[in-house]
Amino acid sequence: KRVDMPTRTWRHLWRNASNGGKFNFNWPIITRHSVVLITAAEARLLGRPHFTGPDRFIGAAVRMHVTNIAPHDNAGGVEFMIFWDGNFPTLNVWTDITVFDPADFVGEN
């Protein structure tokens, strides 16, 4: 009997993220068999100390790349890297980490 899990997304703010940095996000629903997609955008921090939600934008670090997405079983999670253009050693970055329903997976070679 197959039990489907809905596609799930977690939005996470990385403060002072390093350009070319390796990131790890632990989430128990992720295994090494998971299909995970990650998007990233610069973060504008508004409404502090009262959080008003994500404010994502395309700023001076125009090209932001998420690469080497590697789901793992260690505590349930995913490792990945983020790179961006420009002379910005650190930025605040929002990521959306989406784990797809295993029923959507159709095969592998």
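## Salt bridges and local features

The side chains of Asp-85 and Arg-63 form a salt bridge, with N and O 2.7 Å apart. Asp-85 sits in the loop between β6 and β7 and Arg-63 in the loop between β4 and β5, so this pair ties together parts that are 22 residues apart in sequence. Asp-85 is partly exposed at 29% relative accessibility, whereas Arg-63, at 52%, is exposed. The model is predicted.

In total there are six salt bridges. Side chains of opposite charge can pair when their charged atoms come close.

| Salt bridge | N to O distance |
|---|---|
| Asp-85 and Arg-63 | 2.7 Å |
| Asp-96 and Arg-56 | 2.9 Å |
| Lys-22 and Glu-79 | 3.9 Å |

Asp-96 and Arg-56 form a salt bridge with their closest N and O atoms 2.9 Å apart. This pair links distant parts of the chain, with Asp-96 in strand β7 and Arg-56 in strand β4 (residues 56-57), 40 residues apart. Asp-96 counts as buried at 13% relative accessibility, and Arg-56 as partly exposed at 38%. Both residues belong to a salt-bridge network that also takes in Arg-11.

Lys-22 pairs with Glu-79 in a salt bridge, the closest N and O atoms being 3.9 Å apart. Because Lys-22 lies in strand β2 (residues 21-26) and Glu-79 in strand β6, the pair ties together parts that are 57 residues apart in sequence. Lys-22 is exposed, with a relative accessible area of 60%; Glu-79 is partly exposed, at 29%.

Glu-79 is also one of the residues touched by His-72, among them Asn-24, Ile-30 and Val-78. His-72 lies in strand β5 and counts as buried, at 15% relative accessibility. The His-72 side chain makes a polar contact with the side chain of Asn-24 at 2.8 Å and reaches the backbone oxygen of Asn-74 at 3.0 Å.

Two residues have backbone angles to note. Most residues other than glycine have a negative phi. Asn-16, in strand β1 (residues 8-18), has a positive phi of about 50°, and Ala-75, in the loop between β5 (64-72) and β6 (77-84), has a positive phi of about 70°. Asn-16 is exposed at 55% relative accessibility, and Ala-75 is exposed at 54%.

Phe-105 is found in the segment after β7 (90-99) and is partly exposed, at 43% relative accessibility.

Definitions and conventions
Residues numbered from 1 in each chain as written. Predicted model: local features only at pLDDT ≥ 70, side-chain atom pairs only at ≥ 80, totals over all residues. Heavy atoms only, no water. Helix = DSSP H or I, 4+ residues; strand = E, 2+ residues; numbered from the N terminus. Buried < 20%, exposed > 50% of the residue type's maximum accessible area, 1.4 Å probe, protein only. Polar contact = N/O pair within 3.5 Å; in protein donor to acceptor, adjacent residues only side chain to side chain. Contact = heavy atoms within 4.5 Å. Salt bridge = Lys/Arg side-chain N within 4 Å of Asp/Glu carboxyl O. Lists of a residue's contacts leave out its neighbours within four places in sequence.
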